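Subject: Structure for you to look at

Dear colleague,

I am passing on the structure we spoke about, together with some notes on what came out of going through it. Please have it open beside you as you read.

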Amino acid sequence: MSGRERGERRGVTRRGLLKGAGAAAAAGVIARPAAALAQHADDGVEIAGPGPVHLVLRVNGAAREVEVEPRRTLLDALRGDLDLTGAKRVCDRGTCGACTIWLDGAPAYACSVLAIEAVGSEITTIEGLGTPAAPHPMQAAFARRDALQCGFCTPGFVMACAWAAETHGAALDDATLRRSVCGNLCRCGTYPHVVQAALEGAREMTAARDSGAGDGAKGGR
Amino acid sequence: MKAFRYVRPASLAAAARAAAHEGAVLKAGGTDLLDRMKERVTAPDDVVAVGEAGDASRAIVVDADGTLAIGAFATLADVAASPHVRSRLAALAAAAELAASPQIRHRATVGGNLCQRSRCGYYRLLSFPCLRRGDATCPVLEEGAVQEHAALFGNDACASSHPSSLAPVLCAAGARVVVHGGDAPVTRELATFWRAPARGDDSDVDLAPGAVVAELRVPPLAARSGVAYEEVRQRAAFDWALASCAARIALDGEGRIADAAVWLGSVAPAPFRAAGAEAALRGKSPVAGAFDAAAAAALAGARPLPGNAYKADLVRVVVRRALVRAAEGVR
């Protein structure tokens, strides 16, 4: 996040530059109109695609529109079409957990969900959990406990840990936490700090809820 | 992924009709299908999102006759958390809880778990030949192949092992499956749901093209019965079983085993019924000696390969453990 902010101050970002180049190259493709959802009432089916389809996704509490082919994964739509690059694309096979988001409050691999099937669901990404100015208690605990090295797996870990804390509350213990984040991998091996941070963040979420000051623990659940 | 049409059916019957066409596939949670599509092992023209059908049920209820009815679109997380499953067939909740990761368990469905395709690494990479993708032979059976995960039983043509952890429990409990084929739904035994591997087959299950799994129906356990599930795997977290066993025993008035079911997972191309173990248990007292004998008998018909002979030991272990726990759970 901080790198991106630095780039923006210079008036150009690496990502913006790449996106601009890509858009110019692919202008002919992008200009193609979205196919309307075909109705086949006789067969009892609606058909979308294979070309781009207009979708309205509910992301972090806001309605966001995208025009994507049915084969577009939710992860690629979030990152490529909505510029929500917190969820990371690593294995793209539902194995590493770096793309973990919440769908209707439950953890999911965004790489293993199609954007078109997420229509109607409440999508929560790491950007919706908290901001640098007002971080979620779990994000704050990860930063305070230095629960990362390269940081690439961190957004997925935070989403999985925050879900575990939301789900288990004060009952979240070491073993439950470890089971809850078994679908996330850290190649740097920061697991001990992740566990410390997650348990600490969970305690703070519970305390905030108990004291009625649950504002920082907004999670879209 | 190849571009495809996304088909939303209004009903299970409409989904079955739409998916009966050449080039169409059914998608529920998609956790297996999308992986295969990304590798182009499966490259459909139409993806029929059957989970979006109005009558696609994820409810888990107990019917008036005591049958545990599980909507096929219940997720593994639903099964693991269901009070009905936990009180009537706790082994199924345990098997669901052990599977995969929370992210997968909240998407993957019961129906999809039973219909998932082989997890064989050779099948899932186009750079290798594979009998089930239409090639002449199975590369797992060749000298020098990686056979660590290969099947121990029924591995003559294809040595892939069936990964479902729910299937052995459901089969041992005598579950039946409700299938919609476009006409009236049909209810059949889950035990005969899978078919032997064949060259170029496009499904692991014995279903007509497009047919939709709608519900699983588990009859109430007989009095004085116990069911347990055990598995062994390399990692405690987020791993497939190397061998698994679901066992059900029912005792008669004298405390002897009147009926037994022993089903194995991850050791054959389909969930495998260890009939030898079942026969060895009938009429015996539920004691360690009988369980040891049953565990040995479970290996009848096994054909270990050079790389997976260790699985025979694992089978003995999981069968014995499952039987001991099933006996402890008799009520």
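Which radius of gyration would a compact globule with 331 residues have, and what value does chain B have? Before turning to that, please bear in mind that this is a predicted model. A compact globule of 331 residues would have a radius of gyration near 20 Å, and because chain B has 19 Å, the value agrees with that expectation. Taken along the principal axes, the C-alpha atoms of chain B fill a box of roughly 60 × 55 × 35 Å.

Chain B contains eleven helices and twelve strands, and buried residues account for 55% of its 331 residues. Where contacts in chain B join residues at least 6 apart in sequence, 65% of them link residues at least 24 apart. For chain A, the corresponding description is nine helices and seven strands, with 41% of its 221 residues counting as buried; among its contacts between residues at least 6 apart in sequence, 56% join residues at least 24 apart.

Chain A is divided into domain 1, residues 48-129, and domain 2, residues 130-216, and the centres of these two domains, taken over C-alpha atoms, are separated by 22 Å. Their contact takes 14 residues from domain 1 of chain A and 15 residues from domain 2 of chain A. On the side of domain 1 that touches domain 2, β5 (100-103) and α5 (126-129) of chain A each supply at least two residues, and the largest share, three residues, comes from β5(A). By class, this side of domain 1 has ten nonpolar, three polar and one charged residues.

The contact between the two chains takes 27 residues from chain B and 30 residues from chain A. On the chain B side, β1 (5-9), α1 (12-19), α2 (33-38) and α6 (102-105) each supply at least two residues, and β1(B) provides the largest share, namely five residues. The residues on this side of chain B divide into 15 nonpolar, six polar and six charged. Strand β1(B) also pairs with strand β2 (residues 45-48) of chain A, in the antiparallel sense and over four bridges; within this strand, R8(B) is the bridge partner of E46(A).

Finally, the nonpolar core. The largest one has 177 residues, of which A247(B) and V319(B) touch the most other members. The largest share of this core, nine residues, comes from helix α7 (residues 154-168) of chain A, and the core draws at least three residues from each of domain 1 and domain 2 of chain A. With which residues is A247(B) in contact, leaving aside its neighbours within four places in sequence? They are A172(B), A228(B), A261(B), V262(B), V319(B), A322(B), L323(B) and A326(B), so that V319(B), named above with A247(B) for touching the most other members of the core, is one of the contacts of A247(B).

With best wishes

How values were computed: Residues numbered from 1 in each chain as written. Chains lettered and ligands numbered in written order. Predicted model: local features only at pLDDT ≥ 70, side-chain atom pairs only at ≥ 80, totals over all residues. Core = buried A, V, L, I, M, F, W, Y, C linked by C-beta atoms within 7 Å. Buried ≥ 20, exposed ≤ 12 C-beta atoms within 10 Å, placed from the backbone. Domains from an automatic or database assignment. Contact = placed C-beta atoms within 7 Å. Rg over C-alpha atoms; globule rule 2.2 N^0.38 Å. Nonpolar A, V, L, I, M, F, W, Y, C, P; charged D, E, K, R; others polar. Pairing = 2+ DSSP bridges.
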